[in-house]
Amino acid sequence: MANNPTSPKSPFSAIKVVECGEGIPAAFGAKMLADLGAEVIKVEPPGGDLARRRGPYPGDQSDPEKSGIFIYLNTNKRGVVADLTRPEGRELLTKLLGDADVLIHNVPPPERAASGLDSAALCAAFPKLIVTSISIFGDTGPYANWHGYDLTVTNAGGWAYLSPGASPYPDQPPLKCFGSQGYFQGGVHAATVTLAAYMHRLKTGKGQAIDVSEQECIAAMLEMNLMHWTYAKRETSRLGSRLLGPWFIADCADGKIFALAVEEEQWKRLVELMGNPEWASDELFKDRIARGQNQDALKALMGEWLSQWKVQDLYREAQKRRIPFAPINTMRDLYESEHLAARDFFVPLDQPGVGTVHLPGMPSKYGRTPWSLRRPAPQLGEHSEEIFCGERGISRERLNELRKAGVA
Amino acid sequence: MADLPLSGIRVLDFTWAWAGPFCTMQLAHLGAEVIRVETTARPACVTRLIPPFADDVPGPNRAGYFNQYNQGKRAITLNLTKPEAIEIAHALVKHVDLVVDNYAAGVMDKLGLGYDKLRSIKPDIIMASLSGYGQTGPYKGFVGYGPPASAAAGMFFGTGYEDGDPGEIGVSYPDPNAGIFGAFAIMAALAHRALTGEGQYIDQSQLETALVLMPEGLLQYDLAKREPERHGNHDVVMAPHDCYKAAGDDEKWVSIAVGTEGEWRSLCKAIGQQELADDARFKTAALRKQNEAALDQIITAWTSTRDRWESTRILQAAGVAAFPSMGNKDLAEDPHLAERGYLVQLDHPEVGKRVHAGIPWTMSGTPCAVRKPAPLRGADTEEVLKSLLGFTLDRIEQLRKTEVLI
């Protein structure tokens with residue numbers, strides 16, 4: 001597997017992480033630490049994490065032990081079950097936190113006190129612990145207790161309002177990007193700041209509480225749009241024209257390509273590649289701003305030329321000339337990409353009951369820090385006995401009682 | 001000064017455009033001293049050159065795009081086409097912990113600033129290269145920007161209105177995404193160095209950082225051999241789940257999502273149509289998904305006669321996820337973001353007091369804050385070269401004349 005041969009022992013293997021809360025944000029943040037070697041214990045509610053109920057599933061047959069998103073998020077972790085809404089469940093959590101370095105969770109603020117996850121109380125009880133909480137709107141402020149999903153996060157953060165951009169469908173609403181981007185941003189920001197807090201702890205021995213707002217993560221990713229208002233009192237939206245051109249999705253003979261030229265030099269090379277058509281010197285297309293404003297005309301004129309190409313051929317020929325075209329890749333295109341294969345991007349993982357899953361792999365390639373997928377995602381409660389009885393001194397009888405009572 | 005997580009860490013920042021500066025801004029937020037290298041010799045710093053400019057008056061120090069993503073940094077000018085400039089860069093490397101770039105693969109090597117060279121100057125240096133396609137593989141030299149990276153990563157393929165063509169996604173999302181993943185990798189490398197004393201090189205591909213956010217689509221293909229379908233704002237399981245027309249002008253919308261039976265019943269009650277909860281078309285989550293077109297009509301009839309904030313407050317009071325689709329003015333004037341200290345008013349020497357998006361997290365023990373506005377071009381050249389390299393003002397003046405420091 002994609003382990004780094006030069007440094008097999010990870011310096012991160014000493015970091016102990018406990019993860020609570022369902023779905024993507026905390027699970028992804030903890031995954032980023034786990035993939036570097038940290039030891040992560042995932043705490044699930046008795047009914048199982050909701051990611052188990054989201055799929056995608058092999059052959060579209062729903063099964064909580066076979067959810068693709070759950071497997072992706074939870075490799076490298078051991079899993080236990082504890083109902084944190086009950087006192088006995090919170091006792092189990094306390095047992096886990098005794099020797100943990102990091103707690104990362106995305107339990108919403110209004111549910112925290114009743115789940116034993118109040119940040120201030122945890123910091124007082126465990127002064128060395130880093131408590132990282134991820135939520136839709138953050139832990140404080142007038143919307144702190146409001147409810148949300150990824151759709152409402154990407155709208156609350158101002159991204160959806162700008163999407164798809166230069167929309168040809170003005171009566172259609174703001175459009176959410178594919179996937180769960182608000183959740184993932186909460187996770188990657190949380191993992192980053194957690195490592196910063198870990199650096200601080202290495203120096204001082206002190207833990208602390210971190211509060212990550214998904215809404216704010218998204219609102220920091222709007223290019224220059226916020227400043228259009230604060231610098232020039234101009235509102236922006238999914239309508240209007242492109243800042244520059246060409247900038248559009250086009251049909252080729254066998255698929256679609258994204259046609260873009262940012263710099264004037266790129267446009268000149270593109271005109272050459274097109275065989276120097278006469279229209280290219282028209283005043284309408286004199287610079288990148290004009291080409292953005294007159295994009296409909298440009299698109300019509302480029303259309304016939306584009307339609308004669310195969311996507312991959314045009315991609316290569318354009319890139320040979322440093323023109324930043326890119327194919328509208330399908331999932332299949334990505335799994336079959338020679339470039340991603342050469343970089344060992346997809347990582348095969350043997351998941352019990354499922355077989356080999358080809359997971360998206362390393363987001364960044366480290367020269368020294370090992371990154372690896374070492375173990376499959378846990379079955380529900382797979383490591384309860386190993387961890388609670390074997391490592392935390394709870395008797396088997398007690399664990400059985402808790403199981404019967406539906407706590408563990 | 002408070003002891004911040006990265007206090008004492010110095011960064012030499014060769015990044016440009018958006019991805020790299022977004023990365024090094026995170027490090028500045030966390031307390032690092034980030035020294036940004038720019039030159040007027042090539043128009044690389046696109047974010048200084050495109051609107052919006054403060055009060056629509058153009059100028060390299062007046063661009064909102066630059067000023068947003070370079071908060072808290074210092075700036076020097078160094079014309080890397082000159083050999084003396086490369087020598088100065090080498091001398092600076094002795095004094096820094098970290099070098100970051102986001103050029104296409106190979107550019108730093110050609111400049112004489114590749115990892116092997118830097119490591120020979122400072123053995124525990126950490127270097128992070130955030131390129132479009134990575135430093136290896138057949139496409140390593142390809143040019144990448146945020147929008148084509150969205151196309152290449154399958155984000156355009158998966159996004160779009162119901163049964164329509166692949167759509168764009170409104171912002172160059174893979175750029176800041178590469179930036180935050182770069183910041184994570186750098187934090188990992190700094191922690192690694194703190195634990196072992198070793199520096200290292202990080203090769204990050206923008207395409208790959210985008211692909212790790214695509215598991216729902218990729219694994220559907222891997223496990224079920226199906227490509228993702230485009231379904232606007234609709235969800236594969238949840239319904240209702242859309243952005244609905246609100247009262248007011250044409251550009252007022254409210255997003256609503258229902259994930260549980262409890263939320264569904266609360267929604268019906270909150271919109272005064274309790275009978276819907278027992279309507280045969282909507283009795284189960286699967287039926288609501290199946291009949292979501294009818295459901296969307298019912299919700300739209302309710303939202304379109306109300307202000308988007310009124311709908312939001314009614315639904316949130318009932319525990320239902322709802323929020324207006326926020327525009328830039330909405331965000332800049334939002335009381336929640338202001339109360340949390342997220343919106344920061346920075347007093348910039350050329351554009352005055354302007355509101356920016358600040359830090360999307362808080363830390364109780366190491367209170368990070370935006371420490372200063374984005375730097376004027378070259379603002380810290382003299383100070384950095386004097387304090388770190390002992391240059392005299394005469395020498396700096398001479399280097400300006402020979403176009404090394406421009």
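Colleague: In β6(B), which residue is the bridge partner of B:A128?

Modeller: Glad you asked; this is a predicted model, in which local features need pLDDT of at least 70, side-chain atom pairs count only at pLDDT 80 or more, and totals for chains, interfaces and linings use all residues. Residues are numbered from 1 along each chain as its sequence is written, while chains are lettered from A and ligands numbered from 1 in the order in which they are written. Strand β5 (residues 126–131) of chain B pairs with β6(B) in the parallel sense over six bridges; strands are DSSP runs of E with at least two residues, helices runs of H or I with at least four, numbered from the N terminus, and pairing needs at least two DSSP bridges. In β6(B), the partner of B:A128 is B:I202.

Colleague: And which residue of chain A stands opposite B:I202?

Modeller: Strand β12 (residues 364–366) of chain A pairs with strand β6 (residues 200–205) of chain B in the antiparallel sense, over three bridges. Opposite B:I202 stands A:Y366.

Colleague: Which strands are the edges of the sheet they belong to?

Modeller: The open, mixed sheet has seven strands, in the order β12(A)-β6(B)-β5(B)-β4(B)-β1(B)-β2(B)-β3(B). Each edge strand pairs on one side only, and these strands are β12 of chain A and β3 (74–77) of chain B.

Colleague: Which element gives the largest share of the side of chain A that touches chain B?

Modeller: The contact (C-beta atoms, placed from the backbone, within 7 Å) takes 122 residues from chain A and 122 residues from chain B. The largest share of chain A's side, 14 residues, comes from helix α7 (residues 181–204) of chain A.

Colleague: How are α7(A) and α8(B) oriented to each other?

Modeller: α7(A) packs against helix α8 (residues 174–196) of chain B with axes 9 Å apart, at an angle of about 20 degrees; axes are lines fitted to C-alpha atoms over the stretch in contact, and angles run from 0 to 180 degrees between N-to-C directions. Angles under 35 degrees count as roughly parallel, over 145 as roughly antiparallel, 65 to 115 as roughly perpendicular and the rest as oblique. α7(A) and α8(B) are therefore roughly parallel.

Colleague: How many residues of that helix contact are nonpolar?

Modeller: Among those meeting across it are A:V188, A:L195 and A:M199 in α7(A), and B:F181, B:F184 and B:M187 in α8(B). Two are polar and none charged (Asp, Glu, Lys and Arg), with Ala, Val, Leu, Ile, Met, Phe, Trp, Tyr, Cys and Pro as nonpolar and the others, Gly among them, as polar. The nonpolar residues come to 16.

Definitions and conventions
Two residues are in contact if their C-beta atoms, placed from the backbone, lie within 7 Å.
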